Amino acid sequence: MVKVMSTILIIDDQKPIRNALREILEFEKYTIEEAADGFIGLEMIGNKNYDLVFCDIKMPRLDGLEFLKKVTEKENTIPIIMISGHGDIETAVQTLKLGAYDYIEKPLDLNRVLNSVKNAFEKNFLKKENNFLKRKIKKITNSEIIGESEEINIIKDLILKVAKTDARILITGSNGTGKELVAQQVHENSDRRKKPFIEVNCAAIPSELIESELFGHEKGSFTSAYKQKIGKFEQASGGTLFLDEIGDMSLSAQAKVLRALQENKITRVGGNKSISVNPRIIAATNKTLKKEIENGNFREDLFHRLNVIPIHVPSLDDRKDDIPLLCKHFLSRISHEQGLPKKEISEKAILELQKIQWSGNIRELKNIIERLVILSDDIIGLKEVKKYVVTPT
């Protein structure tokens, strides 16, 4: 949890209370904004996403309890800590029943305030992570590879052959071709399927954080290391670790990954204990790693460690025979997700879609089908495709 990124809204009609809270929280590197009453606070919440709210109960115009009701009625998940100098047990229980995270009496105790904030952030983080994992599980369970073209059948056969082994796999292909889907199918068909499938987007993690993300860190190992963190290698032990976009990983991180693969051991940042790990490694990239090796951007020894089983996922332009099946799959899935009646697509519309050069591959086709589902009537015909699909030039 990086405090400087967390913004807290303080709602209280007494300026000295707002100033006291601001001083406490800004010292802890939180960003603070203020509102003098509940109406202003509601307006501010409507215009911006806050990470936490402190709200007084006794205020003119709109008191804290009414504010709390209005926020929770909108199913807003923001943690709200209620504060009051006129409270009692009954008031505290009422605020918690209405959905407040905590209740603190005035005069405010420094440690009580900071502990409540810390716990609120941790609970909210766990809730978000839990929701993310639920979405991830749903995504994995709907990870069937759609297509019957020769290219896709070769991949399906290869997945079944290699899934039962622990051989490392390197998946290549352009963006949007479905490399993650292949990795998920390998995991789902393996003996590791009851253990976690952990994904790391190597391109999205700053180089200075990649070591902590992969191997974890001990409490106090660096400035924002407030507690121990378990890295992805440990989380995936016994399961599968999917290193997506590995071609974008820094050379220093590559060296550490290579060592972990050689020894099946990792050491957390700030720690001195070797920890045995046993994840199955699947890597993916949209880059030509042999060219990256020639240019000095990728380690050749790591490439050979990863490239035991190479799987190349073809672009959509190389498997246009699969477009009819993909269209029908996306029509059903998107209609369900959007809560719309299932729509049909005409043969002429599909033929028109097969003429397109799909630079964005499956991802682009899915987006186009979603657009057609939303904007078209019951049947998606040639007219709708020509009207709503902008053909790349």
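Angles under 35 degrees count as roughly parallel, over 145 as roughly antiparallel, 65 to 115 as roughly perpendicular and the rest as oblique. The views below come from a predicted model, where local features need pLDDT of at least 70, side-chain atom pairs count only at pLDDT 80 or more, and totals for chains, interfaces and linings use all residues. Residue numbers start from 1 along each chain as its sequence is written, and side-chain values use heavy atoms, with hydrogens and water left out.

**Figure 1. Helices α6 and α7 where they cross.** Helices (H or I, at least four residues) and strands (E, at least two) are DSSP runs, numbered from the N terminus. Here the axes of α6 (residues 150–163) and α7 (residues 179–188) come within 8 Å and cross at roughly 40°, so the two helices are oblique to each other. Axes are lines fitted to C-alpha atoms, for helices over the stretch in contact, and angles run from 0 to 180 degrees between N-to-C directions. The crossing of α6 past α7 is right-handed; a crossing gets that label if the near helix is turned clockwise from the far one by less than a right angle, and left-handed if anticlockwise. On the α6 side you'll find Ile-155, Ile-159 and Ala-163, and on the α7 side Val-182, Gln-185 and Val-186. Contact here means heavy atoms within 4.5 Å. Sorted by class, that's five nonpolar residues, one polar and no charged ones. For the classes, Ala, Val, Leu, Ile, Met, Phe, Trp, Tyr, Cys and Pro count as nonpolar, Asp, Glu, Lys and Arg as charged, and the others, Gly among them, as polar.

Figure 2. Five strands make an open sheet, ordered β7-β10-β13-β6-β14, with parallel pairing. Two strands pair if DSSP finds at least two bridges between them. At the edges stand β7 and β14 (309–312), each with a single partner strand, so one side of each has no neighbour in the sheet. Ignoring direction, neighbouring strands are turned by 20° against each other on average. β7 and β10 run parallel and are joined by five bridges, and Val-200 has Leu-243 in β10 as its bridge partner. Helix α6 packs on this sheet, touching β6 (169–172), β13 (280–285) and β14, and its direction makes about 155° with that of β14.

**Figure 3. An aromatic pair between β7 and β10.** Searching the whole structure turns up three aromatic pairs. In the one shown, the ring centres of Phe-197 and Phe-242 are 6.1 Å apart and the planes sit at 25°, so the pair is stacked. Phe-197 belongs to β7 (residues 197–201) and Phe-242 to β10 (residues 240–244), so to speak bridging distant parts of the chain, 45 residues apart. Rings of Phe, Tyr and Trp (its six-membered ring) pair if their centres lie within 6.5 Å; planes under 30 degrees apart count as stacked, over 60 as edge-to-face and the rest as tilted.

Figure 4. Four bridges pair β1 (residues 7–11) with β3 (residues 52–56) in the parallel sense; Leu-9 has Val-53 as its bridge partner in β3.

**Figure 5. Helix α2 against helix α3.** The pair α2 (residues 38–47) and α3 (residues 64–73) packs at about 20°, with axes 10 Å apart, and the two are therefore roughly parallel. α2 passes α3 in a right-handed crossing. Gly-38, Gly-41, Leu-42 and Ile-45 of α2 meet Phe-67, Lys-70 and Val-71 of α3. That contact holds four nonpolar, two polar and one charged residues.

**Figure 6. Helix α13 against helix α14.** α13 (residues 323–338) packs on α14 (residues 347–354) at about 115°, with the axes 10 Å apart, and the crossing is right-handed. Ile-323, Pro-324 and Cys-327 of α13 meet Ile-350, Leu-353 and Gln-354 of α14, giving five nonpolar, one polar and no charged residues.

Figure 7. Most residues other than glycine have a negative phi, and most peptide bonds are trans. Lys-106 and Pro-107 are joined by a cis peptide bond, with omega about 0°, and Pro-107 sits in the loop between β5 and α5 (110–141). Asn-264 isn't a glycine, yet has a positive phi of about 55°; look for Asn-264 in the loop between α10 (251–263) and β11 (265–266).
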